[in-house]
Amino acid sequence: MVSSALDVREKSCSLATAEISPPSAETADDLPVTVIERRRGWQIVDLRELWRYRELLYFLVWRDVKVRYKQTALGAAWAVLQPLATMLVFTLFLGRVSGVADGIAHYSLFVFAGMLPWSFFATAITSAGGSVVGNQNLVTKVYFPRLIVPTGAIGAALVDFAIALGMLALMLLYYGLRDGLTPGWEIVLAPAIVLLLMVAALGVGALLAALTVAYRDFRHVVPFAVQLWMFATPCIYLNADAVLGPRSQALLPLNPAYGLVLNFRQAMLGGPLDWYALAVSGAVSVALLLLGCLYFRRVERSFADII
């Protein structure tokens, strides 16, 4: 009996030893290994790495949307009220008092169709500019592509844009039934124009986000600069072709918001596209994306130290 008990005890000890034995070399070699290295110099955006973290991007966008409308009485209706209120101000004061609306059919719709893409662009660059500082607890604790943070802020602004787009659709339906206003084939280019707006917003937003980490003054400068930028985009509230000269019309598309907002409204209202303004503003948008992302990648390794 004693010998049998000892045999059973030895067998149980051998099994326990086998269970806690370290993995073999072959098993350890099969485990995935992630190596985080410092990259020197100017780096191009790593699209494959961004794609691997796409779920994080989704959750950042969803978090920003929920936080923005948490404990609000109107909720997502604020996405419609902001461009709608600005439209009413321009219609009442600029349209009727100063006579800017003369010669512009459906001036309220004209202004709203311009304010909608501008509101998206302004909200996107403002949110993206302060996104890295606003997520400092996340940035300083775990590794992920830092460019996802301003991209997530732009994604949240895109959700607001999609909600407000429903209001524009209702206005188009109303004027279509009343006056026979119908969009043309140009409306199929509206998604491409919105994509270029996202490109410009990401470029400017990434640049501002990196600068805000080093210089907190930009948190106060950006809202003021965005207001000035709106008035430097006259296509939002007036017919620039009828007011400005040919030289101004040639230079204005260097402002990426000008050509993109102008052509978005033309696409939605069935007017002819300004191909020159679209091409110049689109090229400037791509250049801003390259500049903003390259500078962001250049300085992102120091975010955790100075934020």
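Predicted model: local features only at pLDDT ≥ 70, side-chain atom pairs only at ≥ 80, totals over all residues.
Residues are numbered from 1 along each chain as its sequence is written, and side-chain values use heavy atoms, with hydrogens and water left out.

**Helix α14.** I took helices as DSSP runs of H or I, at least four residues, numbered from the N terminus. Helix α14 covers residues 256-269. I checked its length against the expected span, 1.5 Å times one less than the number of residues. For 14 residues that gives 20 Å, and the end C-alpha atoms are 20 Å apart, so the two agree. Next I looked up burial: buried means under 20% relative accessible area, exposed over 50%, partly exposed in between, with a 1.4 Å probe and protein chains only. In α14, 14 of 14 residues are buried.

**Rings.** I counted two rings of Phe, Tyr or Trp (its six-membered ring) as a pair if their centres lie within 6.5 Å; planes under 30 degrees apart are stacked, over 60 edge-to-face, the rest tilted. The count came to eleven aromatic pairs. Tyrosine 107 and phenylalanine 110 form a stacked one, 6.0 Å centre to centre with 20° between the planes. Both lie in helix α6 (residues 107-129), three residues apart, about one turn of the helix.

**Charges over rings.** My test was NZ of Lys or CZ of Arg within 6 Å of the ring centre and within 35 degrees of the ring normal. Arginine 265 lies over the face of phenylalanine 110, at 3.7 Å from the ring centre. The charged end of arginine 146 sits over the ring of phenylalanine 144, 4.8 Å from its centre.

**Glutamate 49.** I found this residue in helix α3 (residues 47-52). A salt bridge needs a side-chain nitrogen of Lys or Arg within 4 Å of a carboxyl oxygen of Asp or Glu. Glutamate 49 is buried but has none; arginine 52, the nearest side chain of opposite charge, is 4.5 Å away.

**Histidine 106.** I placed histidine 106 in the loop between α5 (78-97) and α6. Its phi is near 55°, positive in a residue other than glycine. Histidine 106 is partly exposed, with a relative accessible area of 24%.

How values were computed. Helix = DSSP H or I, 4+ residues; strand = E, 2+ residues; numbered from the N terminus. Lys, Arg positive; Asp, Glu negative; His and termini not counted.
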